[in-house]
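Let us walk through it stop by stop.

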Amino acid sequence: MTDNFTPDSAALPDGPAPQDGRRSFIKQATGLLGLALAPPLVSQAERLTAMSRKVEGVSEMRLKVNGTLRTIQAEPRVTLLDALRERLDLTGSKKGCDHGQCGACTVLVDGRRVNSCLTLAVMAQGKEITTVEGLAKGEELHPLQAAFIEHDGFQCGYCTPGQLMSGVACLKEGHAKTDADVREWMSGNLCRCGAYPNIVAAIRQVEQSGFKG
Ligand code: FES
Ligand code: FES
């Protein structure tokens with residue numbers, strides 16, 4: 001049982017009252033702890049200050065978009081979607097929700113689909129970014145773009161860039177073998193016009209043609 005035992009009462013039977021002893025013990029311990037920690041804390045604070053200077057304000061970023069290296073001036077908090085639309089005039093990627101819920105902003109980064117509204121532009125430096133503008137080869141549409149036209153895979157078209165980018169990735173990933181597969185792996189891309197059956201048909205047609213992306 002340790003209910004009545006304190007370090008103070010054990011070490012200082014005739015000294016100050018236990019409460020005083022506890023206070024002076026805490027003071028001494030805190031002082032020692034402060035001495036022990038002071039240099040690293042100071043240098044950590046200096047490091048953080050130096051870092052915050054670096055990440056504050058506008059800085060230069062290089063983004064490789066659709067095979068071309070582009071330079072922009074932007075704050076580190078700028079999303080990839082805003083960098084594409086507002087700094088690079090690539091307005092194909094759409095801002096639907098800006099919260100990662102609709103998929104309208106989907107682009108490929110190093111071949112993987114990402115919600116560009118949830119990705120910081122600064123983190124996409126040094127990577128291959130592909131947007132819907134990069135799908136066609138000159139006048140020649142990407143097979144999935146052509147299939148979307150053939151199958152009426154859109155109505156208002158707002159979700160279409162995101163659907164196309166997700167669809168291209170879906171084909172590459174091998175997730176378009178069945179209608180159910182497509183529905184599952186395209187479930188992050190919403191279409192308020194309800195063009196889902198036509199989108200699935202377009203993706204399935206491209207998959208059945210043997211195109212792998
Ligand atoms: S705008 Fe990015 S997920 Fe909706
Ligand atoms: S075509 Fe209108 S939201 Fe999909």
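pLDDT is the predictor's confidence in each residue, on a scale from 0 to 100. This is a predicted model, so start by colouring it by that score. The protein averages a pLDDT of 85, and 75% of the residues score at least 70.

Stop 1: Select residues 1-18. Here pLDDT stays under 50, and the model has seven contacts beyond four places in sequence for this stretch. Where pLDDT is low, the predicted coordinates should not be read in detail.

**Stop 2: the largest nonpolar core.** Select Leu144, Phe148 and Ile203. Of the 23 residues in this core, these touch the most other members. Next, show α4 (143-150), α5 (160-173) and α7 (196-208); each supplies at least two residues of the core. The largest share, six residues, comes from α5.

Centre on Ile203. Which residues does Ile203 touch, leaving aside those up to four places away in sequence? They are Leu144, Phe148, Gly167, Leu171, Ala176, Val182 and Met186.

**Stop 3: the largest pocket.** Its space is about 250 Å³. Select Gly134, Leu135, Lys137, His142 and Lys172: of the 17 lining residues, these are the closest to the pocket's centre. β5 (128-130) and α5 are the elements that give two or more residues to the lining. Colour the lining by type: seven residues are nonpolar, five polar and five charged.

Notes. Residues numbered from 1 in each chain as written. Chains lettered and ligands numbered in written order. Predicted model: local features only at pLDDT ≥ 70, side-chain atom pairs only at ≥ 80, totals over all residues. Heavy atoms only, no water. Core = buried A, V, L, I, M, F, W, Y, C linked by side-chain atoms within 4.5 Å. Buried < 20%, exposed > 50% of the residue type's maximum accessible area, 1.4 Å probe, protein only. Helix = DSSP H or I, 4+ residues; strand = E, 2+ residues; numbered from the N terminus. Contact = heavy atoms within 4.5 Å. 1 Å grid on protein atoms, 1.4 Å probe; cavity = no way out; pocket = protein on both sides within 12 Å on 5 of 7 lines; lining within 4 Å. Points joined across faces, edges and corners; volume = space filled by probe spheres on them. Nonpolar A, V, L, I, M, F, W, Y, C, P; charged D, E, K, R; others polar.
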